[in-house]
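Dear colleague,

Please find the structure below, handed over together with its sequence.

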Amino acid sequence: MINDLLLSRKNKLWIATAEGISVLDPIQDTFGHFVNSKYTELQTSITHHIYEDADEKIWIVLDNRDPLYYEESRDTFISIPWKEYIQEQKLKVRKYNCINTIKDKSKDEIWICSNVGLYSYNKKKKEFAHYHNEAKLNAPIEFSDIYSNNGETIYVSTSGDGFAIYNLSSRLWEYHKASSKSDVLSDDFKRWSIQSIGNNKLWVACSEGLLEYDMISKHSILINDTTNANRHIPNRMIFTLCNDDNNVKWVGGDRGLWKVDPRFQCIPKILFDLKGRHVAAIYHDEKKDEIYFATKQSGSLLRYNFKTNVISELHCPSNYSFVYSHKIIRYQNFLWVSATNRLALFDLHKECFVYELSQDVFKSRTLFTSFELDQLGQLYCGLFDVGLIHFDFDYEKLKLRSRDTIHRASDVTDLVIDSNKILICDHSSRIYQYEFNTKSKSIFFDIANDSINSSALPFRINKDDQGDLWMITKPSGLWCISKDKKLNNYSQASGLSTSIFFDFETLPSGNLVLKNNQNLFLYNPKKNQGNSFDAHYGLAFSDGASQITVTDNGYILTGRKNGFLFFHPDSLVAHTKLYQPFIAELRINNKRISEDEYRLKLDLKHNENNIEITPSLLNIDPMQSMQLEYQFVAGTEDTSWRVLYTLHPIQLLSLSPGDYKFKLRTSNKDGETFLAKDVIEFRVNKHFAQTWWFRSLILLFILGLLYTYYRIKIQELVKMQKLKNKVANDLHDDIASTITSIGFYSDFAMKKVEQSSQVKSLLETISVNAKEATESLRDIVWTLHTNEESIGQLIDKINHTGKTICDAKQVNFILEHKNLDLNFVLNLEAKKVFYLSFKEALNNALKYSHCSKIALNFIRENGLVTMSVTDNGKGFDMNNVRKGRGVNSIEERCKVIQGKAFFKSEIGVGTCVIVSIPEQKLKG
């Protein structure tokens, strides 16, 4: 167990433990240990205290032993006979005589604080002196620590119950007890520290908390904060106080370690034992330097005097007890004290209540919601379920002259008197105004018709020195209605840390002070800058129901639990000193990485991509003049800095492969920054499946498959075309020749048979059908053949076929074309679609239409090549004729190459068959 630590001027760390004394030399990188087996002067291993005097001698305080100092040149400890001096002087001692602290008195003398009194020792003369307990304090007096700023007055911390003051000239003692509860904790070794905190003030550690003593006013007060679990100063035992090089005060007690940072000043607070009651209504009498206040809970009016530090209770008659007090306003030599249940008048001269409004005016129970006074002292009171009532009051006779209701509402929440009118805020979406001269009421501002949400109701209003009206709404926050009726909202984007407020006041400087149940806010609306004061400043509100008062000289006064706050906003100036942040911990996939590892660039696997970085900063700034920021850079792209509002770990999860960089810094409002010493750089490597060579192999493999598939399809197409050519040749060579032979045989038979008209007719029919079948078969073979055909060759073929067939039928055939490239090579499907569609349309016209003329047109326009076959026959009704096989064949052929077929017919006019194919589908 470590009892004490000392960093000497030679940069050696001395360590007092229950098992001896150790010393660490970080420069020489050595560690030594002093034990009683080697050093006979160390009669016990239990060491309580180590101190370095003005001569750089190291003093050692052992358990129940004489003090020693270390002689480095001889590597030995030398004791001074303190216990022997006590026995010689026949001083009152104990069985257990222990030194608690050694401090410098002068260059040649030291102080010795012990559990049997205060002593000094002259190192040159080797003489002791004892400072007797002339005040007859608890004897034998126990002293734990000592402080002196002028060598004349000594401030000595006792054993946890308070502190004592000793004047060296008058040899008189003065004792300050921490509280009525504190008591001497004998034989319980603890070094109860006493230390200067500047501004002629001392802090004293004691069993009841932290005692603050003003050396000028000679007034002491416990400055504990007992209202919140997140205590600024603990309300239990405090043992040790320490100042570091930055003047940060560290406070150690039985509930842990606290820190008071000099970069901000705690808001002054005055606390009393009000048995948990919350100060609600409050008023400051600047002439007498007194504060009058009433609590939220049932009670009377209280008064606090700053000079005497005395609280007095100004008793009310039994029927004057206040419940939920909310406002105190002064008029002449009177105070109007308002609570939910009553409004009473207090006479400052007589120091008693002289009038109570509700008892003379209202028969039923009345609930006051708000009240205000004009320059003549006339009252305007908001009453629940009634509205706003004006009372004409006579202060000489202490009675009402008259009353009248000027605004009817269920609940008037706030009032503002503005020269010749009063502004009224109630539980509606409107703010009303009542003109005193005309005695007329009108709407001053209608929220429902403006940009505020109609569900946001104003409940606090106030006018500043510029004539602008400020209001708090629920739940939309702070708003301002300027003199020209322009509306502005102030939110978190405007520098406020919240939009929920319970009360506010305007300050002479044009700023605002706002309050909720956790924080106090000072806000500058012109600069959009605000500071939030909370538990870090010793503030802990149980609710926000306390009145805020601004004095004529700009001081802010507001109540809280067991006391109130009284301060000037200009005293709360944030310093801009920056502190360097650092990285407390780095984890990769929940595995801790040491500093030595991440000071070099980390090379991580693809699955090591979940990073957790814990930032740290020894001095968190509650005034927000300094903020902690981080930057996370992916690759070479620079990103913006992000603000950290807590010191929780930063999680960077499922990172993609790439190079990353993490930076940490602090910054202030002046644009200054302070980077952390360590910058974390790392690379998340790709999975092998994400590498270029693996993807190249996959691409080559896919291309190989596609090439193989392409070759197979080409081979299949070649085989298919060869098969078509073979079929075409077979049809031409075998079947066509057979059909031709049938025709020859039928002609020969007609010459040989007898002249029978019936047989001759049959043979003629066979001959004609054979010739037609031969012709059709040749056409099919022509369309199947892979020989390249141009559109000009197709037209020639169609023209020849059309003229041949039509001439035989004595029908006029006409072919025309327009905008065609006759050298354009057709593919097989296009050639087949055009030719077979033409044949089908031609045959149908010759068989059924009884036409005398057939016209065929080819035209190219709008990316389409269109063929139309038109006859001048009898036509037909398209709605009553079922499509035949030939028509369906034309449509099916066109769909294959994304073409379209159209049919038009009109009885007595003729029929037209149209085939239209996209030009890009015709390419060979």
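**Ala 178 and its surroundings**

Leaving aside residues up to four places away in sequence, Ala 178 touches Asp 161, Gly 162, Cys 206, Leu 211 and Leu 222, where a contact means heavy atoms within 4.5 Å. Ala 178 sits in the loop between strand E16 (172–177) and strand E17 (194–198); helices (H or I, at least four residues) and strands (E, at least two) are DSSP runs numbered from the N terminus. With a relative accessible area of 10%, Ala 178 is buried; buried means under 20% relative accessible area, exposed over 50%, and partly exposed in between, with a 1.4 Å probe and protein chains only. Leu 222 is 44 residues from Ala 178 in sequence, yet the two C-alpha atoms are 7.0 Å apart in space.

**Basis of the values**

This is a predicted model, in which local features need pLDDT of at least 70 and side-chain atom pairs count only at pLDDT 80 or more, while totals for chains, interfaces and linings use all residues. Residues are numbered from 1 along each chain as its sequence is written, and side-chain values use heavy atoms, with hydrogens and water left out.

**The protein as a whole**

The protein has 8 helices and 68 strands. Of its 924 residues, 47% are buried. Among contacts with a separation of 6 or more, 51% are between residues 24 or more positions apart. The protein exposes about 48100 Å², of which carbon and sulfur atoms supply 49%; accessible areas come from the Shrake-Rupley method with a 1.4 Å probe, and for residues only the protein chains shown count as cover.

Helix H8 (residues 885–896) has 12 residues and reaches 17 Å from its first C-alpha to its last, close to the 16 Å expected at 1.5 Å a residue. The expected span is 1.5 Å times one less than the number of residues in the helix. Gly 886, Val 887, Ile 890, Glu 891 and Cys 894 are buried in H8. Seen down the axis of H8, these buried residues fall within an arc of 140 degrees, so they line one face of the helix; the arc is that of the directions from the helix axis to the C-beta atoms. They pack against helix H7 (828–849), strand E67 (900–906) and strand E68 (910–918). On the other side of H8, Arg 885, Lys 895 and Val 896 are exposed. Gln 898 follows H8 and has a positive phi, near 60 degrees.

Helix H6 (residues 791–808) has 18 residues, which should span 26 Å at 1.5 Å a residue, and this agrees with the 26 Å between its end C-alpha atoms. Its buried residues are Ile 791, Gly 792, Leu 794, Ile 795, Ile 798, Thr 801, Gly 802 and Cys 806. Just after H6, Gln 810 takes a positive phi of about 55 degrees.

**Salt bridges**

Side chains of opposite charge can pair when their charged atoms come close. The structure holds 29 salt bridges, each defined as a side-chain nitrogen of Lys or Arg within 4 Å of a carboxyl oxygen of Asp or Glu.

- Glu 72 pairs with Lys 12, the closest N and O atoms being 3.4 Å apart. This pair links distant parts of the chain, 60 residues apart: Glu 72 is in the loop between strand E7 (68–71) and strand E8 (76–79), and Lys 12 is in the loop between strand E1 (2–7) and strand E2 (13–17). Glu 72 is partly exposed, at 41% relative accessibility.
- Glu 356 pairs with Arg 342, with 3.3 Å between the closest N and O atoms. Glu 356 lies in strand E32 (residues 352–356) and Arg 342 in the loop between strand E30 (334–339) and strand E31 (343–347), so the pair ties together parts that are 14 residues apart in sequence. Both Glu 356 and Arg 342 are buried.
- Glu 716 and Lys 713 meet in a salt bridge at 3.7 Å, N to O. Both lie in helix H4, 3 residues apart, about one turn of the helix. Glu 716 is partly exposed, with a relative accessible area of 42%, and Lys 713 is partly exposed, at 35%.

Yours sincerely
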